[in-house]
Amino acid sequence: MNGFVIKAFITIGNFLCQLGFPSYCIWRIIHRLIKRVILAQIRAYRDIDGWLSDDEASGLYLLSNLLDQHCKVLEIGSWKGKATYCLAQGLPKGGTVIALDPFDASGEPESSALYRERGGDIPLFEQFVHNMTKLGVMKKIKAIKGYSHQFVNKFIEIDLLFIDGDHSIEGCDFDFLNYSPLISHRGYLVFHDFDSSRKDLGPTWVVENRVLPSADFVFWGCFNSLWIAQKAHVL
Ligand SMILES: C[S@@+](CC[C@H](N)C(=O)[O-])C[C@H]1O[C@@H](n2cnc3c(N)ncnc32)[C@H](O)[C@@H]1O
């Protein structure tokens, strides 16, 4: 029933977008209307350690639901799978989430102490696989151990790129420059931890200095600190 309600609203949303209504208004309203229904579909996300709010988790699920069958999602920075789970739950048939993370609790200097503290005694990769298996989504996930710089040119096309790995300006910029060209026509680019009052954060810097000035992407919407753009239509 929940799945049917979500699909019905997505059909209405797509229709209104085709009529020319701005996507950020349409999907924001739809998200508000069906947020509870979505949260019922992903309620287990709250049991996984991580940094997502209800708005962000339900926003990721909604976005993943908008993709086509057999789509590919690339998540850079997966930690214990909180966002991976939301994305995987929303995927249409045949879709895959590629979860790329060193799974060793390492990160840019500002975050590494926190990651070490919250990592826990069990190896992160084990925790990730355990969480995803327990929630029944592991079959939709391809987990890759390593840093984003080790996999440049290893993927062909992705329909949704979620950048949530190295949050420094250099790290975030690297991920944007090297992976955003792989986003398919009408695919989505998503940053976590965008905050317009924090110019020192990598996601904020990349959005304001790379994405917004570029003609390749158009702003799609925000869910708390989740900032989303869509690959522009190429004639
Ligand atoms: C904020 S956490 C990700 C949170 C996760 N998306 C969630 O929803 O819970 C950042 C993760 O990115 C990883 N990371 C840091 N630098 C990375 C890089 N260059 N490539 C891939 N992962 C990276 C960190 O080790 C950490 O696991």
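Which residues of α4 are buried? In α4, the buried residues are Lys82, Ala83, Thr84, Tyr85, Cys86, Leu87, Ala88, Gln89 and Gly90, where buried describes a residue with 20 or more other C-beta atoms within 10 Å of its own, exposed one with 12 or fewer, and partly exposed one in between, the C-beta atoms being placed from the backbone.

## Basis of the model

This is a predicted model, in which local features need pLDDT of at least 70 and side-chain atom pairs count only at pLDDT 80 or more, while totals for chains, interfaces and linings use all residues. Residues are numbered from 1 along each chain as its sequence is written.

Seven strands form an open, mixed sheet in the order β3-β2-β1-β4-β5-β7-β6; helices (H or I, at least four residues) and strands (E, at least two) are DSSP runs numbered from the N terminus, and two strands pair if DSSP finds at least two bridges between them.

Strands β6 and β7 (residues 226-231) run antiparallel and are joined by six bridges, with Leu226 of β7 as the bridge partner of Phe223. Helix α8 (residues 202-211) lies across β5 (183-191), β6 and β7, and runs at about 140 degrees to β5; axes are lines fitted to C-alpha atoms, for helices over the stretch in contact, and angles run from 0 to 180 degrees between N-to-C directions. Two residues are in contact if their C-beta atoms, placed from the backbone, lie within 7 Å.

## Around the ligand

Of the 22 residues around the ligand, those that come nearest are Gly50, Gly77, Lys82, Ala83 and Gly165, a residue being near if its C-beta atom, placed from the backbone, lies within 6 Å of the molecule or strand in question. The elements giving two or more residues to this shell are α4 (82-90) and β2 (96-101). Nine of the nine residues of α4 are buried, so this helix is largely enclosed by the rest of the structure.

Ile76 lies in strand β1 (residues 72-76) and is buried, with 24 other C-beta atoms within 10 Å. Although 89 residues separate Ile76 and Gly165 in sequence, their C-alpha atoms are 5.2 Å apart in space.

Leaving aside neighbours within four places in sequence, Leu161 is in contact with Leu74, Tyr179, Ser180, Ile183, Leu189 and Val190.
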